[in-house]
Amino acid sequence: MFKAPQPESPELKYRLMIPDGYEAAADTRFPLVLFLHGAGERGADNRRQLIHGAAQFSKPEHRKKYACFVAAPQCPSGRWWSDSLEPVMELLKQLQTEYRIDSGRIYVTGLSMGGFGTFELTTRYPDVFAAAAPICGGGDPTKAKTIATLPLWVFHGDADRVVPVGFSRSMIKAIEEAGGKPKYTEYPGVGHDAWTATYADPEFHEWLFAQKKAQ
């Protein structure tokens, strides 16, 4: 379902899922989900970024209910999403030029390193996204004001030993103190893998695709 562009970009490798029925719906613009993988999936094979989480969006029942693009870039080895956000934004611009994408329904979600990347991307470019869902990540609480009005749903396991839950808690607290009303789910007894339960939850997908950026 996720196809690699031809020829592949030397700047940022990525996979793209195109909505079912895209060609037939000539007058329709579709939402796009930007998926940011974790540190273990970095590289240049343009495959590993699909190991965790992204496949949920390609299930037939999901594609039927939520026709959307899903862009899954791969962060190069030895780098972090915070080092690669400009190429990610260039990718979004490129896709919006090539495809009929609804600019009011661009979403970003990511896990672990990608959860940090989700917070970083939205605080740097708060006007681009209609909603964000960082999973087992964290961010800079001093930048919370920039995303106080952005629809957010943050997820973390309270037994996470890789990225302590305090990272998400501190962001939630800072966003609330800045006047925001983020949603927050903390899974009791769950370790680092907070993404499996999140991406399998129909309520999460209903919430995500219901968000639309004010024009």
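Tyr22 is buried, and Phe30 is buried as well, in what is a predicted model. These two residues form a tilted aromatic pair, with 5.7 Å from centre to centre and 50° between the planes, and the structure holds 16 aromatic pairs.

**Aromatic pairs around Tyr22**

- Tyr22 also pairs with Phe69, in an edge-to-face arrangement at 5.3 Å centre to centre and with 75° between the planes.
- Because Tyr22 lies in the loop between strand 2 (14-17) and strand 3 (30-36), while Phe69 belongs to strand 4 (residues 69-73), this pair ties together parts that are 47 residues apart in sequence.
- Tyr22 has a relative accessibility of 7% and therefore counts as buried, and Phe69, with a relative accessible area of 0%, is buried too.

**Ring cluster and charges over rings**

- A cluster linked by ring pairs takes in Phe35, Phe57, Trp153, Phe155, Tyr187, Tyr199, Phe204 and Trp207.
- Trp153, one of the residues of that cluster, has the charged end of Lys183 sitting over its ring, 4.2 Å from the ring centre.
- In another contact of this kind, the charged end of Arg42 sits over the ring of Trp80, at 4.6 Å from its centre.

**Salt bridge within a helix**

- Glu90 and Lys93 meet through their side chains in a salt bridge of 3.8 Å, taken from N to O.
- Both Glu90 and Lys93 lie in helix 2 (residues 85-98), where they are 3 residues apart, about one turn of the helix.
- Glu90 counts as partly exposed, since its relative accessibility is 47%.

**Salt bridges between separate elements**

- Lys212 and Asp102 form a salt bridge through their side chains, at 3.2 Å from N to O.
- That pair links distant parts of the chain, with Lys212 in the segment after helix 6 (202-210) and Asp102 in strand 5 (residues 101-111), 110 residues apart.
- Lys212 counts as exposed at 52% relative accessibility, whereas Asp102 counts as buried at 16%.
- The side chains of Glu186 and Arg169 likewise meet in a salt bridge, here at 2.7 Å from N to O.
- Since Glu186 lies in strand 8 (residues 183-187) and Arg169 in helix 4 (residues 166-177), the pair ties together parts that are 17 residues apart in sequence.
- Glu186 is partly exposed, with a relative accessible area of 28%, and Arg169 is also partly exposed, with a value of 43%.

Key:
Residues are numbered from 1 along each chain as its sequence is written. This is a predicted model: local features need pLDDT of at least 70, side-chain atom pairs count only at pLDDT 80 or more; totals for chains, interfaces and linings use all residues. Side-chain values use heavy atoms; hydrogens and water are left out. Rings of Phe, Tyr and Trp (its six-membered ring) pair if their centres lie within 6.5 Å; planes under 30 degrees apart count as stacked, over 60 as edge-to-face and the rest as tilted. Buried means under 20% relative accessible area, exposed over 50%, partly exposed in between (1.4 Å probe, protein chains only). Helices (H or I, at least four residues) and strands (E, at least two) are DSSP runs, numbered from the N terminus. A charge sits over a ring if NZ of Lys or CZ of Arg is within 6 Å of the ring centre and within 35 degrees of the ring normal. A salt bridge is a side-chain nitrogen of Lys or Arg within 4 Å of a carboxyl oxygen of Asp or Glu.
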